[in-house]
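The report below goes through one protein chain, from single positions to the fold as a whole. Please keep the sequence and the model in view while reading.

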Amino acid sequence: MPSALWRFAVVLGVPLGLAASEYDAMLIPGWGYLMVPLLSVLQEALAFLTLGLVRPWGEVWPRWVPRLRGRRIPVLAAAIPATLGALACTVYGVLFVWTTLHADMAITPWGEWVMTVCYVPIVAWGPLLAVVTTHYYRRRTRP
């Protein structure tokens, strides 16, 4: 959530210590006004699916899903996408750390601090998702 809020702040023009060249790189103004918020919404929607690994609606289709309501969700139908998501988030987190340490970003020191604080939870998301996915798989396949 913090990284999505940071991106929304960028689109809304909240001063975050970024140079004009950084806004240009994000295509703001331009397509970035559409793409940056869509990325945030997609990120939050996928993060919401993680709750299915720890909530009952991740094991049995909810009542509001036509033709599937009440049926058990196949374990691998949830575990495989969650594993791929954990892998993708972990790779993204590693790339974020590497880029942060090696990029010459035109940003003030306080702006870099704010951005880093907002993006640090993503670094932990991949490994934590892997733990939750493993627990989901073991819980659902246990005799």
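Pro-81 has its place in helix α4; helices here are DSSP runs of H or I with at least four residues, strands are runs of E with at least two, and both are numbered from the N terminus. Pro-81 is partly exposed, at a relative accessible area of 45%. Buried stands for under 20% relative accessible area, exposed for over 50%, and partly exposed for what falls in between, with a 1.4 Å probe and protein chains only. Between the C-alpha atoms of Pro-81 and Thr-133 the separation is 9.5 Å, although the two are 52 residues apart along the chain.

Phe-96 is also a residue of helix α4, and it is buried, with a relative accessible area of 13%. Not counting residues up to four places away in sequence, Phe-96 touches Tyr-119 and Val-123, where contact means heavy atoms within 4.5 Å.

## Basis of the model

This is a predicted model, in which local features need pLDDT of at least 70 and side-chain atom pairs count only at pLDDT 80 or more, while totals for chains, interfaces and linings use all residues. Residues are numbered from 1 along each chain as its sequence is written, and side-chain values use heavy atoms, with hydrogens and water left out.

## Overall fold

The protein chain has five helices and zero strands, giving the pattern α-α-α-α-α along the sequence. The C-alpha trace spans about 55 × 30 × 20 Å along its principal axes. The radius of gyration of the protein chain is 19 Å, whereas a compact globule of 143 residues would have one near 15 Å; the value is taken over C-alpha atoms, and the globule rule is 2.2 Å times the number of residues to the power 0.38.

Of the 143 residues in the protein chain, 29% are buried. Among contacts with a separation of 6 or more, 67% join residues 24 or more positions apart.

A nonpolar core is a set of buried Ala, Val, Leu, Ile, Met, Phe, Trp, Tyr and Cys residues joined through side-chain atoms within 4.5 Å. The largest one has 15 residues, and those with the most contacts inside it are Trp-6, Val-10, Leu-16, Leu-18, Tyr-23, Ile-28 and Tyr-119. Helices α1 (2-12) and α5 (109-141) each supply at least two residues of this core. Apart from it lies another core, of seven residues, including Val-75, Ala-78, Ala-82 and Leu-129.

The buried residues of α1 are Ser-3, Ala-4, Trp-6, Arg-7, Ala-9, Val-10 and Val-11; their cover includes α2 (20-25), α3 and α5. Val-10 is in contact with Leu-16, Leu-18, Tyr-23, Met-26 and Ile-28, leaving aside its neighbours within four places in sequence. On the α3 side, Ser-40 lies in that helix and is buried, with a relative accessible area of 1%. Ser-40 touches Ala-4, Arg-7 and Phe-8, not counting residues up to four places away in sequence. Just after α1, Gly-13 takes a positive phi of about 85 degrees.

## The loop between α3 and α4

Leu-53 lies in the loop between α3 and α4 and is buried, with a relative accessible area of 5%. Not counting residues up to four places away in sequence, Leu-53 touches Ala-78, Ala-82, Leu-129, Val-132, Thr-133, Tyr-136 and Arg-139. The C-alpha atoms of Leu-53 and Ala-19 are separated by 41 Å, at 34 residues apart along the chain.

Arg-67 lies in the loop between α3 (32-49) and α4 (75-102). Arg-67 is exposed, with a relative accessible area of 76%. Its phi is near 65 degrees, a positive value in a residue other than glycine.

## Surface and charge

The protein chain exposes about 9,600 Å², of which carbon and sulfur atoms supply 75%; accessible areas come from the Shrake-Rupley method with a 1.4 Å probe, and for residues only the protein chains shown count as cover.

There are 11 positive and 6 negative side chains in the protein chain, and the centres of the two sets lie 32 Å apart. Lys and Arg count as positive and Asp and Glu as negative, with His and the chain ends not counted. The place of a charge is taken as NZ of Lys, CZ of Arg, CG of Asp or CD of Glu.
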